[in-house]
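Please keep the sequence and the model in view while reading.

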Amino acid sequence: MFARRHILIFSPRRMETQTPLNRIYAASLSIATHEIECLAEFPDSRAFYGENTAPLPPEIRGVFYMATCNRIELYTEFAADTSSEAGFKALAAVSPVFARLIEKKPELFQGGKVLAHLISVASGLKSLALGETQIAGQIKRDMAYAESRGWLSGGLTTLLQKALETQKKIRSSTGISENSYSLMSLVEAAIEERGLRPLKNTIVLVGASEMSAKVARFALRRNVKRFVLVRKDISRAMNAEMRQIIDENRAGFSETTLAEFKSSAEPLEADAIVLASTAATPLFSAGEIRSLTERGVLAADAAVVDLSLPANVASDAALALSSRLISLASLQQISEEARAERASSAREAEPIIRRAVYQLWLDSLYRDNPDVVRSYIENKSGQSESEWQRLADEAALSEKQKRIMYDFIKKEQRRALQQHREMILELIAGAASTPSL
């Protein structure tokens with residue numbers, strides 16, 4: 001189901017002069033292209049930035065790392081005189097996390113394709129729950145982490161800001177945000193489909209991570225009255241948003257340790273146990289879940305929801321718990337069905353993404369490397385000024401960008417591009433083949 005791989009080859013540059021965008025690369029692992037177990041090997045963003053604080057080597061101008069429940073993303077800008085091979089080698093030396101990611105044969109993007117991919121990620125177009133609204137917030141959070149390390153270059157900052165700006169346009173001008181849903185909405189759909197107890201009264205929440213906070217927010221909107229927060233060590237600091245939720249709803253939350261909970265005999269009859277910790281090894285076996293059910297801590301038809309990477313429920317649970325277990329893998333089918341229903345909204349986003357990439361390409365190219373554009377113009381036969389105007393309007397260019405285009409028209413005696421669209425696609429692609437390792 002997840003075995004598909006994207007393996008492409010680095011090719012020589014087709015142009016000696018490169019736009020700044022061509023120095024930006026992205027590496028992506030997601031459950032659409034890799035096994036879930038592959039993603040489970042990587043730390044979440046907070047852990048990564050907490051453990052990796054070294055300055056970047058001269059070959060690398062900037063790095064941005066982001067981890068979500070279904071993808072690992074790496075964006076980097078290499079120095080102007082650094083080849084892609086040398087850049088990725090230097091990147092692997094920065095952190096063992098980067099070295100491991102590169103070994104996994106991720107999808108790789110270069111130049112304008114990086115922005116197109118990032119916009120799709122930020123808009124929720126590549127999420128399990130198509131159009132989910134939480135990814136943009138995660139990007140902002142991880143930008144703050146990267147900036148605090150001194151890892152955000154000017155090029156990456158511009159790229160990330162453009163992606164955040166464009167995802168707002170996609171949400172406001174397409175149907176992607178109508179009846180928007182989240183990962184927990186998929187969980188709720190799975191609970192209903194399997195005839196399990198709905199989320200109404202009590203939820204056991206294992207872990208105080210960012211995902212735990214999202215689960216709690218969702219459950220509060222469903223008027224869940226009681227939460228039991230289970231942690232290995234309740235004296236440790238927790239996710240800031242989770243702390244805020246508890247402070248705002250003190251009467252509804254109680255905390256206990258993992259050991260105390262496993263031995264508990266309190267008849268909670270909880271509607272569900274949701275596991276969303278950052279533990280590196282499983283926290284519950286199928287036998288322990290059955291024992292909690294027999295003692296009335298969990299209802300007999302309570303869902304066991306495992307949203308952790310790596311999984312918090314041991315591998316023996318899938319068969320033993322039958323339909324009660326809802327994992328990230330089991331949500332994939334629901335996600336694909338929902339995605340098909342909203343495919344038209346996703347298609348509406350495509351021209352918005354193309355325009356954003358073209359705008360950024362123009363900005364960087366005209367500002368930093370006008371000789372590239374001039375060489376294209378000098379070697380192509382003309383289009384009329386009205387055609388330039390039409391293309392400029394279609395690309396939704398700013399007035400400043402239009403004036404720049406007109407200046408070129410005048411200077412080059414209105415010599416333009418015979419196959420303008422093909423040229424755009426070529427330059428957006430970074431004037432080089434999509435890279436891989």
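How many bridges join β2 to strand β3? Seven bridges link the two, and the strands run antiparallel.

## Basis of the report

This is a predicted model, in which local features need pLDDT of at least 70 and side-chain atom pairs count only at pLDDT 80 or more, while totals for chains, interfaces and linings use all residues. Residues are numbered from 1 along each chain as its sequence is written, and side-chain values use heavy atoms, with hydrogens and water left out.

## The chain as a whole

The chain contains 19 helices and ten strands; helices (H or I, at least four residues) and strands (E, at least two) are DSSP runs, numbered from the N terminus. Of its 437 residues, 56% are buried, that is, under 20% relative accessible area with a 1.4 Å probe, protein chains only.

Contacts (heavy atoms within 4.5 Å) between residues at least 6 apart in sequence join residues at least 24 apart in 79% of cases.

## The four-stranded sheet

Four strands form an open, antiparallel sheet in the order β2-β3-β1-β4, where pairing requires at least two DSSP bridges between two strands. The edge strands, β2 and β4 (107-110), each pair on one side only. Strand β3 covers residues 71-78, and within β3 Phe 78 is the bridge partner of Ile 60.

Helix α7 lies across β1 (24-30), β2 and β3, at about 135° to β3; axes are lines fitted to C-alpha atoms, for helices over the stretch in contact, and angles run from 0 to 180 degrees between N-to-C directions.

## Helix α6

Helix α6 has 14 residues (135-148), which at 1.5 Å a residue should span 20 Å, and its end C-alpha atoms are 20 Å apart, in agreement. The expected span is 1.5 Å times one less than the number of residues.

The buried residues of α6 include Ile 135, Ile 139, Arg 141, Asp 142 and Met 143. Among the elements covering its buried residues are β2 (60-67), α5 (112-122) and α7 (154-173). Just after α6, Gly 150 takes a positive phi of about 75°.

## Nonpolar cores

A nonpolar core is a set of buried Ala, Val, Leu, Ile, Met, Phe, Trp, Tyr and Cys residues joined through side-chain atoms within 4.5 Å. The largest has 98 residues, of which Phe 64, Ile 139, Leu 159, Met 242 and Leu 307 touch the most other members. Helix α15 (residues 343-368) gives the most to this core, with eight residues. A second, separate core of 25 residues includes Ala 302 and Val 313.

Methods
Buried < 20%, exposed > 50% of the residue type's maximum accessible area, 1.4 Å probe, protein only.
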